[in-house]
Every structure is written in structure tokens, then in C-alpha cells.
Amino acid sequence: MLTVTKEAAAFLKVAKAAEGATRGAGIRLRRGAILDESGKPSVGFTFSNEPDPEDWEFEQQGLRIFVEGVLVEPLDGRTLDVRDADEGQLQLVFR
């Protein structure tokens, strides 16, 4: 199971509010179209009112979270957290 830290949840709640997503909307983790430095696809997120049929849905830290079906196994046992990036900006990371 994917774990979401309090810090990552707070980051996502701020992003959700900034996007004007509905109160009941969830965060959907999906394969990103951009490759990371290692050439592997990145994981992106969107806001969605309902999960897609193949998504895995759960709730943590007061957030509905939908994980794209193909990411369920690779993210199992991982933790979604934040880290300081350039110029004091926060960035989501998987540990």
C-alpha cells in the first residue's frame, strides 16, 4: 500500500485548492508523459471527481487518492513525501 506523509498531503491539499477542484475531488496519480533523468516515465497527478475503472482508491490524511492501475504494483510499499527543491520550493517524491 502507498503511504502519504502529512507533509505531502498538505502540499496536495494546497495544490487542489489552487486548482479550484471540488471539495470531494480526489488526487489521481498517473503515469507521466515526461521521462525522468533515468529515462523512466514519471508519475504525475491530476484532480478527479471519480476514479477511473482500473484505479485503486483509498483515503489518507483526509485526501481521496486514486492510483492508476498500472502504478499500483510499482508504488506498493512506497511513501509519497515532499523534499526541498531549488529556491525553497517543495517537490513530491517517492521513497
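**Close-up views of a predicted model**

**Figure 1. The hairpin of S4 and S5.** Within strand S5, Ile-65 is the bridge partner of Phe-58. The model is predicted: local features require pLDDT of at least 70 and side-chain atom pairs count only at pLDDT 80 or more, while totals for chains, interfaces and linings use all residues. Residues are numbered from 1 along each chain as its sequence is written, and side-chain values use heavy atoms, with hydrogens and water left out. Strands (E, at least two residues) and helices (H or I, at least four) are DSSP runs, numbered from the N terminus. Strand S4 (residues 56-60) runs antiparallel to S5, and five bridges join them; two strands are said to pair if DSSP finds at least two bridges between them. Two residues lie between the strands of this hairpin, where Gln-61 has a positive phi near 55 degrees.

**Figure 2. Aromatic pairs.** Two such pairs are found in a search of the whole structure. Phe-45 and Phe-47 form an edge-to-face pair, at 5.8 Å centre to centre and with 85 degrees between the planes. The rings of Trp-56 and Phe-58 form a tilted pair, because their planes are at 35 degrees, with the centres 4.7 Å apart. Rings of Phe, Tyr and Trp (its six-membered ring) pair if their centres lie within 6.5 Å; planes under 30 degrees apart count as stacked, over 60 as edge-to-face and the rest as tilted. Phe-58 is buried, at a relative accessible area of 9%, whereas Trp-56 is partly exposed at 29%. Phe-45 is partly exposed at 28% relative accessibility, and Phe-47 is partly exposed at 24%. Buried means under 20% relative accessible area, exposed over 50%, and partly exposed in between (1.4 Å probe, protein chains only).

**Figure 3. Helix H1 and its buried side.** Helix H1 comprises residues 6-18, and its end C-alpha atoms are 18 Å apart, in agreement with the 18 Å that its 13 residues should span at 1.5 Å a residue. The expected span is 1.5 Å times one less than the number of residues. Ala-8, Ala-9, Leu-12, Ala-15 and Lys-16 are the buried residues of H1. They lie on the same side of H1, because they cover an arc of only 125 degrees around the axis; the arc is that of the directions from the helix axis to the C-beta atoms. Lys-6, Val-14, Ala-17 and Ala-18 are exposed on the face turned away from the buried side. After H1 comes Gly-20, with a positive phi near 75 degrees.

**Figure 4. The open sheet S1-S6-S7.** Three strands form this sheet, in the order S1-S6-S7 and with mixed pairing. Strands S1 (3-4) and S7 (90-94) are at the edges with a single partner strand each, so one side of each has no neighbour in the sheet. Strand S6 (residues 79-84) pairs with S7 in the antiparallel sense over five bridges; Leu-92 in S7 is the bridge partner of Val-82. H1 lies across S1, S6 and S7, at about 75 degrees to S6. Axes are lines fitted to C-alpha atoms, for helices over the stretch in contact, and angles run from 0 to 180 degrees between N-to-C directions.

**Figure 5. The surroundings of Glu-68.** Glu-68 is located in the loop between strand S5 (63-67) and helix H2 (72-75). The residue Glu-68 is buried, with 14% relative accessible area. Leaving aside residues up to four places away in sequence, Glu-68 touches Arg-28, Leu-29, Arg-30, Arg-31 and Asp-55, where contact means heavy atoms within 4.5 Å.
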